[in-house]
Amino acid sequence: MTTRLGVTVSHEATHTLVTLTGELDVISGERLRTVFGKLSEEGAARLVVDTSELTFCDSMGLRLLLETHDHAVEAGGFMKLVGVRGVFRRILTVTGLHVAFPIHETVAEALTALDG
């Protein structure tokens, strides 16, 4: 069984918006790891990740997001999560990872808080 993960990247003046749709797991995560790796090589360290259409995330997906967050911070940037809902929100809360990521309801809210 294959899982589908949609990844859309949009480079903006103040940040890079990464929109995720579908399932983030051990299979589809390699695609996202490649995308995040390329963004890191390009120097994109100010990331806003829209998860409002993410329907599933396993432990590998969580690890990938946390590693990407850490790399962004080490490079002087950030990684903000947007639209964290449903099962994904519950997973972040149960694991305590909700405190590791700046989480916002909307992209507009995250952009308002870019320097905060």
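**Exercise 1.** Determine in which sense strand 1 and strand 2 pair, and over how many bridges.

Solution. Step 1: helices (H or I, at least four residues) and strands (E, at least two) are DSSP runs, numbered from the N terminus. Two strands pair if DSSP finds at least two bridges between them. Step 2: strand 1 and strand 2 (residues 16-24) pair in the antiparallel sense over seven bridges. Step 3: in these bridges, Val7 has Leu20 of strand 2 as its partner, and Leu5 has Gly22 of strand 2.

The model is predicted: local features need pLDDT of at least 70 and side-chain atom pairs count only at pLDDT 80 or more, whereas totals for chains, interfaces and linings use all residues. Residues are numbered from 1 along each chain as its sequence is written, and side-chain values use heavy atoms, with hydrogens and water left out.

**Exercise 2.** State the order of the five strands in the open sheet, and identify the edge strands.

Solution. Step 1: the order is 1-2-3-4-5, with mixed pairing. Step 2: strand 1 (5-11) and strand 5 (103-104) are the edge strands, as each pairs on one side only. Step 3: strand 3 and strand 4 pair in the parallel sense over five bridges, and Val48 has Lys80 in strand 4 as its bridge partner.

**Exercise 3.** Decide which residues of strand 4 are buried on each of its faces.

Solution. Step 1: buried means under 20% relative accessible area, exposed over 50%, and partly exposed in between (1.4 Å probe, protein chains only). Step 2: in a regular strand the side chains alternate between the two faces of the sheet. Step 3: Phe78, Lys80 and Val82 are buried on one side of strand 4, and Met79 and Leu81 on the other. Five of the five residues of strand 4 are thus buried.

**Exercise 4.** Explain why helix 1 and helix 2 are described as roughly parallel.

Solution. Step 1: axes are lines fitted to C-alpha atoms, for helices over the stretch in contact, and angles run from 0 to 180 degrees between N-to-C directions. Step 2: the axes of helix 1 and helix 2 come within 10 Å and cross at roughly 5°. Step 3: angles under 35 degrees count as roughly parallel, over 145 as roughly antiparallel, 65 to 115 as roughly perpendicular and the rest as oblique. Helix 1 and helix 2 are therefore roughly parallel to each other. Step 4: contact means heavy atoms within 4.5 Å. Gly29, Glu30, Leu32, Arg33 and Phe36 of helix 1 meet Met60, Leu64, Leu65, Glu67 and Thr68 of helix 2.

**Exercise 5.** Name the residues with the most contacts inside the largest nonpolar core.

Solution. Step 1: a nonpolar core is a set of buried Ala, Val, Leu, Ile, Met, Phe, Trp, Tyr and Cys residues joined through side-chain atoms within 4.5 Å. Step 2: the largest core has 25 residues, and those with the most contacts inside it are Leu20, Leu32, Phe36, Leu81, Phe88 and Leu92.
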